[in-house]
Each structure stands twice: as structure tokens, then as C-alpha cells.
Amino acid sequence: MRKFLVVLDDSRECLNAMRFAAMRAAKTGGGVAILSVIEPDEFNHWIGVGDIMREEARERIEAHYEVFAKWMRDRQGVDPELVIREGDPVTEILGQVNDDPSIGVLVLGAAADKKGPGPLVNQMTRSSGSLPIPLTIVPGDMSKERLEAIT
């Protein structure tokens with residue numbers, strides 16, 4: 001089964017990327033893998049404090065994931081999987097793509113901002129020519145109706 005890999009973060013545009021991935025998976029018989037990356041520089045404290053902060057970050061990610069997973073299950077009939085990795089986001093995205101051969105498409109949400117689509121989209125589009133899978137960029141301000149129409 002082909003999976004759509006979508007990145008879970010705190011951005012507003014993440015919502016449309018999740019919607020798009022779930023709708024495409026539902027219509028094509030695919031799956032969704034939701035990747036969240038914990039950046040290590042968040043834990044440059046004493047070892048004990050860093051461990052506590054890492055665990056709290058995982059708990060926040062899992063709670064955030066459950067909101068999306070419930071919507072995907074209830075509305076799209078898709079049961080997503082959660083993957084949590086630690087490191088640089090671009091490196092970890094590429095690592096997940098390489099580690100899971102069933103991933104067929106990377107889906108990212110782009111910020112509707114005059115400053116640009118966001119740092120992750122900027123970094124991934126620079127290396128898109130060497131990605132082993134297609135990259136789909138979903139506008140963060142696209143309406144639910146428009147998303148439904150194009151998927």
C-alpha cells in the first residue's frame with residue numbers, strides 16, 4: 001500500500017496538509033504516515049531536565065496526533081500511523097522516506113505568508129530534484145471545499 005507522508009508540527013498550514021493526505025489516501029486506497037520531528041536543540045539542558053522535556057514533547061505530539069487521527073478515521077476511513085523522530089527536520093524526513101519503502105508521496109503545507117512558504121518547504125523544495133518520491137505542497141489557506149474538489 002502506498003502511503004502519504006505528512007509532517008505534523010505547530011504550523012497552521014499543517015492542517016491542510018493533513019486533510020489533503022487523508023483525502024488522497026481515502027480515494028486511492030492508500031495510507032497516511034504522520035511524522036513529527038523533535039529537534040535536539042530543544043533539550044540542551046541538564047541531562048535529567050532534557051529527558052523530562054523530551055518526554056513532554058512526545059506527549060504533546062501524541063495528543064496533537066490523536067486529534068488528526070480521529071478525524072482521519074471518522075471522516076476518511078484512514079487509520080494513520082505516527083512516527084516520531086529526533087534530529088534535524090529535513091534529515092529526519094529524508095531518513096523516514098528512505099527507511100519506509102511504502103511511502104510514495106511527501107505532503108507539506110505551505111504558509112500563506114508574504115515571507116514565503118515556510119522554512120521546511122523552502123528546504124525541501126531545494127532538494128526536491130533528488131527526492132526519491134514526489135513532493136506535494138498544499139497551500140495553507142486553501143478552503144476545505146477546494147481541497148475536496150481537487151483530491
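Is Val-37 buried or exposed, and what is its relative accessible area? In this predicted model, where local features need pLDDT of at least 70, side-chain atom pairs count only at pLDDT 80 or more, and totals for chains, interfaces and linings use all residues, Val-37 is buried, with a relative accessible area of 16%. Residues are numbered from 1 along each chain as its sequence is written, and side-chain values use heavy atoms, with hydrogens and water left out.

View 1. Leaving aside residues up to four places away in sequence, Val-37 touches Arg-85, Gly-87, Asp-88, Pro-89 and Glu-92, a contact being heavy atoms within 4.5 Å. Val-37 and Pro-89 are 52 residues apart in sequence, yet their C-alpha atoms are 5.8 Å apart in space.

**View 2. Buried residues of helix α3 (residues 89-99).** Pro-89, Val-90, Glu-92, Ile-93, Gly-95, Gln-96 and Val-97 are the buried residues of this helix, and they pack against β1 (3-7), β2 (31-38), β3 (81-86), β4 (103-110) and α4 (119-126). Helices (H or I, at least four residues) and strands (E, at least two) are DSSP runs, numbered from the N terminus.

**View 3. The largest nonpolar core, with 27 residues.** Such a core is a set of buried Ala, Val, Leu, Ile, Met, Phe, Trp, Tyr and Cys residues joined through side-chain atoms within 4.5 Å. The residues with the most contacts inside this core are Val-6, Leu-8, Met-18, Val-32, Ile-34, Met-72 and Val-107. The elements that give two or more residues to the core are β1, α1 (14-28), β2, α2 (47-76) and β4, and the largest share, 8 residues, comes from α1. A second, separate core of 18 residues includes Leu-5, Val-7, Ile-93 and Leu-106.

**View 4. Contacts of Leu-8.** Not counting residues up to four places away in sequence, Leu-8 touches Cys-14, Met-18, Ile-34, Leu-35, Ser-36, Ile-61, His-64, Tyr-65 and Phe-68.

View 5. Of its 151 residues, 44% count as buried, and residues 24 or more positions apart account for 71% of the contacts in the chain with a separation of 6 or more.

Key
Buried means under 20% relative accessible area, exposed over 50%, partly exposed in between (1.4 Å probe, protein chains only).
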